[in-house]
Amino acid sequence: MRILFACGGTGGHINPAVAIASYIKEHSPDAQILFAGNPKGMEAKLVKKAGFEFAPITIKGFQRKLNWRNFKNNVQAVCYLATASARAKKLIEKFSPDIVVGTGGYVSGPVLRQAAKMGIRTLSHESNAYPGVTTKLLARYVDKVLLAVPEARSYLPDSCDYCVVGNPVRGSILLADRSKARQKLGIADDMVCILSFGGSQGARRINEAIADLFAWNKGKKIFYIHATGMYGVDLFPELLRERGLDAKNFPNADIREYINDMDDCLAAADLVISRSGAMTLSELEAAGRASILIPSPNVAANHQYFNAMVLAEHDAAVVIEEKDLTGETLCTEVEKLLEHPDTLRKMGHSAQQLAVIDATAKIYEEILALLKK
């Protein structure tokens with residue numbers, strides 16, 4: 001079995017592909033797997049780190065804001081796109097895959113489209129509640145579209161063959177133990193733990209609101225785990241200083257740039273404050289955690305808002321759009337939830353009811369079914 005994966009751009013596109021590939025290698029050790037992606041994208045690093053071979057295809061996305069820098073980017077993007085099919089064909093002919101799997105990102109489009117033209121089995125996985133442009137375009141050509149949530153179906157052509165399989169979630173998230181995680185992180189049993197993050201880059205508005213939340217604490221029995229993101233490393237301590245707080249001497253707080261132990265942090269948390277990327281929400285559901293979601297307004301088609309509303313409509317999360325986010329708004333919502341522990345527990349239970357914990361196995365079965373046709 002020879003499988004070519006096409007993905008890139010964000011962790012939400014790359015991590016599902018890596019999870020699927022790892023599951024395949026576990027159950028079919030002889031499978032030959034190759035990833036195609038942008039050599040300058042984060043996929044190159046993540047795929048190689050996971051131990052898989054990587055084939056570069058340079059491609060760029062289009063920028064919508066009109067300025068000179070974006071104009072130059074878009075001209076280059078057109079040039080790359082014009083030659084992408086030929087480069088994809090050359091790669092496919094060389095690797096000779098039995099099936100091509102796309103999990104999103106600009107590179108998925110030309111690779112899966114070319115594979116379909118060549119009569120090779122194709123499968124596309126969409127992790128968001130609102131499908132991306134690439135998924136919508138490919139839905140007419142691929143053999144099957146796999147969806148994370150049923151709400152995404154209404155945005156696809158009537159003719160496409162699809163099924164709902166969920167998003168792949170790391171096994172460590174499912175198996176993490178709350179007591180052991182809290183002991184490891186130094187969180188007392190009688191403390192409420194709030195976990196917050198705004199993505200690997202760091203979101204200024206979220207950092208500002210969390211700084212206000214820290215100031216609101218004033219001796220309450222709350223333990224904070226906050227990831228500032230890359231651009232918040234220097235900013236967040238300054239925000240705390242402006243509020244009369246010292247980041248180095250703030251009690252019961254774990255402030256860091258990035259969360260590398262999400263399994264333990266989610267297990268320890270009572271409430272999560274975060275963006276609403278598809279994979280983040282799948283992990284919240286798997287861990288059964290209540291959340292306050294702040295969708296990023298800087299993503300294509302505002303898809304994080306649609307993701308967040310799936311949880312909100314099932315009473316599993318509170319949604320605050322970034323345009324409405326202030327420190328006061330966030331503190332009010334947190335206070336409401338902490339005053340009613342039963343509500344927190346019910347939200348967590350509602351989130352867990354949405355979880356699909358065997359998504360990777362389902363995707364593997366779909367791959368095998370297509371190969372048998």
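Predicted model: local features only at pLDDT ≥ 70, side-chain atom pairs only at ≥ 80, totals over all residues.
Glu-333 comes out as buried, at 19% relative accessibility; buried means under 20% relative accessible area, exposed over 50%, and partly exposed in between (1.4 Å probe, protein chains only). Residues are numbered from 1 along each chain as its sequence is written, and side-chain values use heavy atoms, with hydrogens and water left out.

Glu-333 sits in helix H13 (residues 327-338); helices (H or I, at least four residues) and strands (E, at least two) are DSSP runs, numbered from the N terminus. Setting aside neighbours within four places in sequence, Glu-333 is in contact (heavy atoms within 4.5 Å) with Ile-292, Val-318 and Ile-320.

## H8 and its cover

H13 also turns up in the cover over the buried residues of H8, which includes E9, strand E8 (192-197), helix H9 (235-242), strand E10 (253-256) and strand E11 (271-274) as well. Among the buried residues of H8 are Ile-206, Leu-213, Phe-214 and Trp-216. H8 (residues 204-217) has 14 residues and reaches 20 Å from first C-alpha to last, close to the 20 Å expected, where the expected span is 1.5 Å times one less than the number of residues. Just after H8, Lys-218 takes a positive phi of about 45°.

Strand E9 (residues 222-227) holds Phe-223, which is buried at 6% relative accessibility. Phe-223 and Met-191 are 32 residues apart in sequence, yet 6.4 Å apart in space, C-alpha to C-alpha. Beyond residues up to four places away, Phe-223 touches a list including Leu-185, Met-191, Ile-194 and Asp-254.

## One face of H12

In helix H12 (residues 303-313), His-303, Gln-304, Asn-307, Ala-308, Val-310 and Leu-311 are the buried residues. Looking down the axis of H12, they fall within an arc of 145°, so they line one face of the helix; the arc is that of the directions from the helix axis to the C-beta atoms. Their cover includes helix H11 (278-287), strand E12 (290-293), strand E13 (317-319) and helix H14 (341-354). Asp-315 follows H12 with a positive phi, near 60°.

## Out on the surface

Leu-175, in helix H6 (residues 171-175), is exposed, with a relative accessible area of 72%.
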